Amino acid sequence: MKTNYLFHLLGWMLPVVIIQWAIGWRILARNARAVFLPVVVIGLYFVIADALAIAEGIWLFDANQILGIHVGVVPLEEVIFFFLTSLLVSQSLVLFLPKELRA
């Protein structure tokens with residue numbers, strides 16, 4: 001099914017993102033720059049690296065498992081994966097930092 005990757009990606013990751021925001025929204029909002037700047041930088045880095053790997057034939061995707069929407073040569077689901085993964089890591093780091101290191 002063409003929605004398999006997206007379904008599993010969002011099904012596993014979004015609940016954690018939502019729970020983190022539900023519990024720590026004040027901390028995350030006060031530290032928004034520390035949360036989102038790394039997401040953009042790291043997410044873009046991995047999308048570019050993935051695009052190079054796909055272009056070189058190192059990495060490929062089953063067309064039956066993805067929507068078929070691409071950002072360049074990178075499937076949309078893969079782009080979402082990189083940014084969501086970066087968001088989970090960034091949010092977790094901010095939430096678990098000692099209070100004196102947060103804004």
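How many helices and strands does the chain have? Three helices and two strands, and along the sequence they run α-α-β-β-α. By helix I mean a DSSP run of H or I with at least four residues, and by strand a run of E with at least two, numbered from the N terminus.

Some ground rules before we go on. This is a predicted model, where local features need pLDDT of at least 70 and side-chain atom pairs count only at pLDDT 80 or more, while totals for chains, interfaces and linings use all residues. Residues are numbered from 1 along each chain as its sequence is written, and side-chain values use heavy atoms, with hydrogens and water left out.

Okay, the overall picture. The C-alpha atoms fill a box of roughly 45 × 25 × 15 Å along the principal axes. Of the 103 residues, 31% are buried, and buried here means under 20% relative accessible area, with exposed being over 50% and partly exposed in between, using a 1.4 Å probe and protein chains only. Now contacts, meaning heavy atoms within 4.5 Å: if you take those with a separation of 6 or more, 74% of them join residues 24 or more positions apart.

Let's look at helix 2. Helix 2 has 24 residues and reaches 34 Å from first C-alpha to last, close to the 34 Å expected at 1.5 Å a residue; that expected span is 1.5 Å times one less than the number of residues. Its buried residues are Val35, Val39, Gly43, Val47, Asp50, Ala53 and Ile54. What covers them includes helix 1 (4-30), strand 2 (74-75) and helix 3. After helix 2 comes glycine 57, with a positive phi near 80 degrees.

Helix 3 has 21 residues and reaches 30 Å, close to the 30 Å expected. Among its buried residues are Glu77, Glu78, Phe82, Ser90 and Gln91. The cover there includes helix 1, helix 2, strand 1 (70-71) and strand 2.

So how do helix 2 and helix 3 cross? Their axes come within 8 Å, at roughly 145 degrees. Those axes are lines fitted to C-alpha atoms over the stretch in contact, and angles run from 0 to 180 degrees between N-to-C directions. On the helix 2 side the contact includes Phe36, Pro38, Leu44 and Phe46, and on the helix 3 side it includes Phe83, Ser86 and Val94. The residues of this contact divide into 15 nonpolar, four polar and two charged.

One residue I'd point you to is asparagine 31, in the loop between helix 1 and helix 2. Is asparagine 31 buried or exposed? Buried, with a relative accessible area of 8%. Leaving out residues up to four places away in sequence, asparagine 31 touches Val94, Arg102 and Ala103. Its C-alpha is 9.4 Å from that of leucine 95, which is 64 residues away along the chain.

Last, the records. An unreviewed UniProt entry annotates residues 5-89 as "domain: Lycopene cyclase"; positions are in the numbering used here, feature names are shortened, and annotations may be inferred rather than shown by experiment. In the model, residues 5-89 are 75% helix and 5% strand. The unreviewed entry also gives "transmembrane region" for 6-28 and 35-59. Residues 6-28 are 100% helix, and residues 35-59 are 84% helix.

Definitions and conventions
Ala, Val, Leu, Ile, Met, Phe, Trp, Tyr, Cys and Pro count as nonpolar, Asp, Glu, Lys and Arg as charged, and the others, Gly among them, as polar.
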